[in-house]
Amino acid sequence: MARTTRQRRHTPVEEELPAEAAERLALMAEAARQREDVERNRAAWNRWATDYCMPGLRAWQADEPFWGLWELPESELNVLDEVGEGTDVIELGCGTAYACAWVAERGGMPVGLDVAEAQLESARMLLKQFGHEFPLVRASADEVPFADESFDIALSEYGASTWLDPARWVPEAARLLRPGGLLVFVVNSSYLMTCTSEEGYVASSELVRDYFDMGRCEFAADNTVEYHLGHGDWIRVLGANGFSVEDLVEVRPREGAEARYDFVSADWARRWPSEEIWRARKAR
Ligand SMILES: C[S@@+](CC[C@H](N)C(=O)[O-])C[C@H]1O[C@@H](n2cnc3c(N)ncnc32)[C@H](O)[C@@H]1O
């Protein structure tokens, strides 16, 4: 078949690049892909924001803070035990910002950061409704517009901790924290992820995803990208950024607990950990 000039012009010339240039190109391509992931997730959360208003309102109204898929109470998990008068706390991926409200109610000074404007719009409404005032910032958690060492605690409950590459958000959390600062984050457990296939949605009782190939997980049906690490990789990325792990809570729901989401049943979560709460300390 005859080739047109146009086709020829668009055919890349295959040339061997010098190693340094090839490395730079690869880094640029990776950075572009990361930006694209952020935009995909941002669009998804802008679409889903209205669905999260009612759960957000319920959390704002709660007498006692609760965490994660199984709503275990703060009195059991002590996520906020270091929050006191004037503690500077940033929530990376705050959604409706109920955790920030819980921080404020303890005298802390929260900042809610989120990439999706619709989520922040819901948060703003709730702040107004409950008479709270604290800053809400629209940014991606890998590019946070605050100076180094501005916070005592960085918190993420299925926010940046799920939706952003840990190689990007963990260094940013380390930069933002003061020496001795605390990083607390909640994620799906690696058990849950290895039992959830790429196509499927509901956790099975078989290992269906390769543990070693978790990392960046695409969910084609809703055009989103999540990041899930195994324990060794979490420990390494935290350690490389000056954190030491203080605790890893593998959450077990109470007997008779009811599932809030359809991707994991209570029976499953009573047998294997469905979520993890990590506590890591920045070196002094
Ligand atoms: C599951 S919500 C977490 C908020 C709250 N804890 C909750 O469970 O509803 C996930 C949030 O992370 C935000 N998010 C996703 N990617 C982000 C990024 N790159 N930077 C900051 N926030 C991000 C989303 O917009 C969303 O509001």
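Q: What does the model rest on, and how are its residues numbered?

A: The model is predicted, so that local features need pLDDT of at least 70 and side-chain atom pairs count only at pLDDT 80 or more, whereas totals for chains, interfaces and linings use all residues. Residues are numbered from 1 along each chain as its sequence is written.

Q: Why are β5 and β10 called edge strands?

A: The seven strands form an open sheet of mixed pairing in the order β5-β4-β3-β6-β7-β11-β10, and β5 (136–138) and β10 (243–251) each pair on one side only. Neighbouring strands of this sheet are turned by 15 degrees against each other on average, direction ignored. Within the sheet, strand β3 (residues 88–92) and β4 pair in the parallel sense over five bridges, with aspartate 88 opposite methionine 109 in β4.

Q: Why is strand β7 described as largely enclosed by the rest of the structure?

A: A residue is buried if 20 or more other C-beta atoms, placed from the backbone, lie within 10 Å of its own, exposed if 12 or fewer, and partly exposed in between. Nine of the twelve residues of β7 (residues 177–188) are buried, so the strand is largely enclosed.

Q: Alanine 97 or glutamate 149: why does one count as buried and the other as partly exposed?

A: Alanine 97, in the loop between β3 and α5, has 29 C-beta neighbours inside 10 Å and therefore counts as buried. Glutamate 149, in the loop between β5 and β6, has 15 other C-beta atoms within 10 Å, and is therefore partly exposed. Phi is positive in each although neither is a glycine, near 70 degrees for alanine 97 and about 55 degrees for glutamate 149.

Q: What makes a set of residues the largest nonpolar core, and which members touch the most others?

A: A nonpolar core joins buried Ala, Val, Leu, Ile, Met, Phe, Trp, Tyr and Cys residues through C-beta atoms within 7 Å. The largest has 66 residues, of which Ala154, Ala173 and Leu183 touch the most other members, and its largest share, seven residues, comes from β7.

Q: How do you know which residues come nearest to the ligand?

A: A residue is near a molecule if its C-beta atom, placed from the backbone, lies within 6 Å of it. There are 20 residues around the ligand, and Trp45, Gly93, Gly95, Ala116 and Trp163 come nearest. The elements giving two or more residues to this shell are α2 (19–48), β4 (109–114) and α7 (160–163), and α2 gives the most, with three residues.

Terms used: Helix = DSSP H or I, 4+ residues; strand = E, 2+ residues; numbered from the N terminus. Pairing = 2+ DSSP bridges. Axes fitted to C-alpha atoms, helices over the stretch in contact; angles between N-to-C directions.
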